[in-house]
Amino acid sequence: MLEKGLIEQPHMWHLVMEVTPTVLRVAVYSLFDDHGMVTDTIRLSGEAPLLQQFEEAVYENPLLLCDFAGTTIIWDTPRFQLLPGFVADDETARLAFRAAMPEQPEEAPTTLIFNELPEIACRLAFEIPDDLLGFLRRTFNNSPISHPAGILTRYFSNKYPTRSYGKSIANLREGRLDLLTLGDTAPLMLTSYEIKEPMDAAYYILAARKLLNLKESDEIMIAGDREMRSAVAPVLRRYVQFVLPAIFPPTMFRAGRDSMTIPFEMAVAPILSQTN
C-alpha cells in the first residue's frame, strides 16, 4: 500500500501513472531531491468492471491522492491511430479513426483523445472508456492523458531532429512491443504488437524492416525491459549492423536506481511535459 507518509511535501513531487486493463503502474519522483522515487505495480483483479477495479486501487493507495506538483497519466490501449496534422478538426479526425477502428457495440462507450505531435506535424488519436475518463479527470484535476506510442514518438523525434531515414525504435514492455520507424519528416511506421515472449518481438521488428525495405545499416534503438532487451538484441544483430540500447534520459538518473525499473515511456513522459 502506498501511504501518504511515504513522502513529505508532495507539492515538490511529480506523479506518473500508467493505466492498462490489467495493471496500474505508479512512479512518484522528487523534483528537487536526488534519489527520490517511489514506484509500485498494482495488479488489477479482472473480476469486476475496470472502473471499479481502478477506483479501488486508487483509494487503497492514498499517496496517489496527494496534491502533487504535476501529474502525468498514460492510458495504454492497442486502439490508436496516427493522423496527419492537417486533420485538425476533431470531428473529421473522429471519422478517420472510426473508418479504421469501428466502434465496438459490445464494449463500454468510449471517448477519443488526441495527443498533438508537433515535432512530426501529426496527431495521435486513441480511445478510452467514458467512465474511466470521467474518474481520471475528476480525481486528478483534469490532468492530460497520453498514449505510450505518442510519448515514444515525441521523445525520439525531439532527440533526433536531424535523424537518418530508417532509424527504428523498439520499446519492449510487458506483453507489448511498440515500434517506431522515423522517416525524413513523418514516421514511416508507428504501431504496437501484442507479444507473449521476446522472440515475438524479434519477429515483428524484422518483419517490419522487410516491409519497409530498410537497409542492413539502418539502426535500431532498443528501449524498455532489460531482460527482454538482452534476449532480443542478439537475434537482431544477426540481420542488422547497428542494434543499440536507447539512451536513458540523463535528467532521470538523479531519481536513483528505481528510475531504471519503470517502463521507458513513464521515465520520459515528465520530460515532455516540461517542454510543452
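Trainee: How many bridges join strand β10 to strand β11?
Mentor: This is a predicted model. Strand β10 covers residues 176-182 and strand β11 covers residues 187-194, and the two run antiparallel. They form a hairpin with 4 residues between them. The number of bridges joining them is 7.

Trainee: Which residue in β11 stands opposite Thr181?
Mentor: β10 is made of residues 176-182, and its antiparallel partner is β11. In β11, the residue opposite Thr181 is Met189.

Trainee: Is Asp178 buried or exposed?
Mentor: Asp178 is found in strand β10. Its contacts beyond four places in sequence include Pro148, Leu152, Ile169, Thr191 and Ser192. The relative accessible area of Asp178 is 1%, and the cut-off for a buried residue is under 20%, so Asp178 counts as buried.

Trainee: With which side chain does the side chain of Asp178 make a polar contact?
Mentor: Among the residues that Asp178 touches are Ala170, Asn171 and Arg173. The polar contact has a distance of 2.6 Å, and the partner is the side chain of Arg173.

Trainee: Which residue in β7 is the bridge partner of Leu83?
Mentor: β5 pairs with strand β7, residues 122-129, in the antiparallel sense over 5 bridges. In β7, the partner of Leu83 is Arg123.

Trainee: What is the relative accessible area of Asn61?
Mentor: Asn61 is found in the loop between α1 (50-59) and β4 (70-75). Leaving aside residues up to four places away in sequence, Asn61 touches Met1, Leu2, Asp40 and Ile42. Asn61 is buried, and its relative accessible area is 5%.

Trainee: Which helix has the lowest mean pLDDT among the elements of the protein chain?
Mentor: The protein chain averages a pLDDT of 89, with 96% of the residues scoring at least 70. The highest mean, 96, belongs to helix α5 (residues 198-212). Where pLDDT is low, the predicted coordinates should not be read in detail. The lowest mean is 79, in residues 264-275, which form helix α7.

Note on methods
Residues numbered from 1 in each chain as written. Predicted model: local features only at pLDDT ≥ 70, side-chain atom pairs only at ≥ 80, totals over all residues. Heavy atoms only, no water. Pairing = 2+ DSSP bridges. pLDDT = per-residue confidence, 0-100. Buried < 20%, exposed > 50% of the residue type's maximum accessible area, 1.4 Å probe, protein only. Contact = heavy atoms within 4.5 Å. Polar contact = N/O pair within 3.5 Å; in protein donor to acceptor, adjacent residues only side chain to side chain.
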